[in-house]
Amino acid sequence: MTGTAHAAPARRREKPQAEDRGILSVADWRRRRVRVTTRITHLILLISLIVVGLGPILWLAKSAITPTQDTLRQPLALWPNGIDWGNIAEAWTRVEIDRYFLNTVIIALGVWFVQILVATTAGYALSVLRPRYGKVIVGLVLATMFVPTIVLLVPLYLTIVQPPLLGQSLINTFWAVWLPAGANAFNVLLVMRFFDSLPREVFEAARMDGAGPYRLFWSIVVPMSRPIIGVVSVFAVIAAWKDFLWPLLVLKDPAMQPLSVRLPQLQQFIELDVFLAALAISTVIPIALFLVFQRLFLNGAGLGGAVKG
Amino acid sequence: MTQLTPTTAPPPVPETIDTIEAATPARRHRRGVRGWVRGDGPHILVFLLPLLFSFVLFSWKPIVDAAIMAFQQTNLIAPAEWVGWDNFATVLNDPLLGKAVANTLWFAVLALLLGYPIPLVVAVLMSEVRRARGLYSALAYLPVIVPPVVGALLWKFFYDASPNGVFNTIAGWFGAGPFPWLQDQATAMPSIVLFATWSAAGGTIIIYLAALVGVAPELYDAAEVDGAGVWRKVWHVTLPQLRGVLLITFILQIIGTAQVFLEPFLLTAGGPANSTTTVLMLIYKYAFQNSLGGDYGAATALSLMLAIVLAIFSAIYFRLTKSWSTS
């Protein structure tokens, strides 16, 4: 305890002190009472976070391979009487989670592609090429952020049922989920903001060298905007994976439905242990993405969590 | 919105230095780019095409449609008929509306009581963690990553009202319960809010953490010179410095909770005895759960009313809080 407590202020002194202090000052940290109280508080906080944040997920992981009877009789037993790996296989094949999993992947990839396409081309046109009417479009895009999503629900549904010009309903096609995903004002503004920060000299130089607008986009702007494309991509995939209400409305054919829509219905006619295995399978990809791109989630837009609905 | 985006955007620091020094060349430069642009107007349109296609069809047109459809009767086969304020009258005369509004308000109040202070306290405590802070934030953020449908179905199982249910077993360790959780009109809504808070708090914690890092250390130094202890520093420096973010998360939470759907839909389907039917569930019911064909007019009328109420509320809120805001 004491050793680490001394090490911390020493490390701090190397940097300019002002950078690395919070509510507690170096002097506060030296006081024994403050130090002990803070350490205990942090320990309690860590334990609570493990129980509340990780607990349910670990429980799900355990129950996915526990026989139904064990889970029902002793839901909180730390170790099951028997481990039943068969649950996972059964969920994957007999309950056809593989198909819904594949549907979810197809939906997520399509949504990802559409969102990246719209956001990068629009960001390029509006913040690099800058037409004179650009401000009007930016204003109109911005305005949609102030309209609650529920207002769009019914008219958007009717647009999908009777799309203009097409003369054929898009219900029960993946297009019904893919296409509307492109109209995401937040992505467009995020990419625009990033493009605004790119050095204009580079564009100028490329133009001098005779690069046209397409070449400039593909060979200069896209490679330079990898970080922002990464951010938009991860959030697009996660959001598509989570989405429930919209695919529920437009994908009525069970063979087309993603996991989120299918799981609540499956619950009624499969055994508990297999159902919990299915839930666990549905959580694997988002958790894996989170672990790989942790920094993106934790440093960046926690926004997805704040704006519900 | 602008309050929250800086965390994702590239750091603005170098920009300000550049713009101050190079203000004039930059302007000349921009005019140059614009002159060049005039040559390829059609190409710009090509790049704008995906945006125009998706926003016209799936954002701007539906918004206009919503305003029109609220005054029409549509059944998708015959041409739409103008019915004046009939749809609004239908909605306002629905005996369920009062219940749904009351439930939504109750949800919002409970979500504020639970979901507003908890992330703030956790974030303030977390900001003082010196080692492995990443571990703390990762743990706090995990529930946000769990797909809401999986979370809801999992919690529905946890909420099993029998003494052997997961939460009732835990309550039993402390000599409490068993509680009816989702089965009882009195406890159903608080149970839903508890789940909603679990699944959303992580995002808010991360936002607060980012804001806490931005508090100027000099302010704490100054408070210490004035003899402030830890609590007074939190009260007089930390919280006032966070007020810009706190104001925004408050209104975002209100707007979010007003549109709550998934949680009650999956956990209770609005029951027991409509005690958890929310406004958005009513909209869903009008449009998509009607055996006689959807009443799209009534559904849009109700969603329009909700949007207008939210807009008025936000406007009043921002007017009232204008003087407190930091930026």
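Predicted model: local features only at pLDDT ≥ 70, side-chain atom pairs only at ≥ 80, totals over all residues.
Chain A contains 18 helices and 0 strands, whereas the secondary structure of chain B consists of 15 helices and 2 strands. Of the 309 residues in chain A, 40% are classed as buried. In chain B, which has 327 residues, buried residues account for 40%. Contacts within each chain were also examined according to the separation of the partners in sequence. When contacts between residues at least 6 apart in sequence are considered, 71% of those in chain A link residues at least 24 apart. The corresponding value for chain B is 65%.

The two chains touch each other through a contact to which chain A supplies 94 residues and chain B supplies 97 residues. On the side of chain A that touches chain B, the most is given by helix α3 of chain A (residues 32–64), which contributes 14 residues. By class, this side of chain A is made up of 62 nonpolar, 23 polar and 9 charged residues.

Because 10 of its 13 residues are buried, α10(A) is largely enclosed by the rest of the structure. The buried residues are Ala185(A), Phe186(A), Asn187(A), Val188(A), Leu189(A), Leu190(A), Val191(A), Met192(A), Phe194(A) and Phe195(A).

Two helix pairs in chain B were then considered. In general, a pair of packed helices is described by the angle between the axes and by the distance between them. Helix α3 of chain B packs against helix α15 of chain B (residues 296–321) at an angle of about 110 degrees, and their axes are 8 Å apart. Angles of 65 to 115 degrees count as roughly perpendicular, so α3(B) is described as roughly perpendicular to α15(B). In this contact, Ala66(B), Ala67(B) and Met69(B) of α3(B) meet Tyr296(B), Gly297(B), Thr300(B), Ser303(B) and Leu304(B) of α15(B). The residues involved comprise 5 nonpolar, 3 polar and no charged residues.

The second pair consists of helix α5 (residues 95–115) and helix α10 (residues 185–213) of chain B, whose axes are 9 Å apart and form an angle of about 50 degrees. With this angle, α5(B) is oblique to α10(B). The crossing of α5(B) past α10(B) is right-handed. From α5(B), the contact involves Asn103(B), Trp106(B), Phe107(B), Leu110(B), Ala111(B), Leu114(B) and Gly115(B). Their partners in α10(B) are Met189(B), Pro190(B), Val193(B), Leu194(B), Ala196(B), Thr197(B), Ala200(B) and Ala201(B). By class, 12 nonpolar, 3 polar and no charged residues take part in the contact of α5(B) with α10(B).

Attention is finally given to loop residues. Most residues other than glycine have a negative phi. In contrast, Glu96(A) has a positive phi, near 65 degrees. This residue is located in the loop between α5 (86–93) and α6 of chain A. Glu96(A) is partly exposed, with 16 other C-beta atoms within 10 Å. Asn274(B) likewise has a positive phi, near 60 degrees, and belongs to the loop between α13 (262–267) and α14 (279–288) of chain B. Asn274(B) counts as partly exposed because it has 16 C-beta neighbours inside 10 Å.

Ala228(B) occupies the loop between α11 (217–225) and α12 (230–258) of chain B. This residue has 16 C-beta neighbours inside 10 Å and therefore counts as partly exposed. When its neighbours within four places in sequence are left aside, Ala228(B) is in contact with Ala223(B), Lys233(B) and His236(B). Between Ala228(B) and Leu310(B) there are 40 Å in space, C-alpha to C-alpha, and the two residues are 82 residues apart in sequence.

How values were computed: Residues numbered from 1 in each chain as written. Chains lettered and ligands numbered in written order. Contact = placed C-beta atoms within 7 Å. Helix = DSSP H or I, 4+ residues; strand = E, 2+ residues; numbered from the N terminus. Nonpolar A, V, L, I, M, F, W, Y, C, P; charged D, E, K, R; others polar. Buried ≥ 20, exposed ≤ 12 C-beta atoms within 10 Å, placed from the backbone. Axes fitted to C-alpha atoms, helices over the stretch in contact; angles between N-to-C directions. Parallel < 35°, antiparallel > 145°, perpendicular 65-115°, else oblique. Left-handed = near helix turned anticlockwise from the far one by under 90°.
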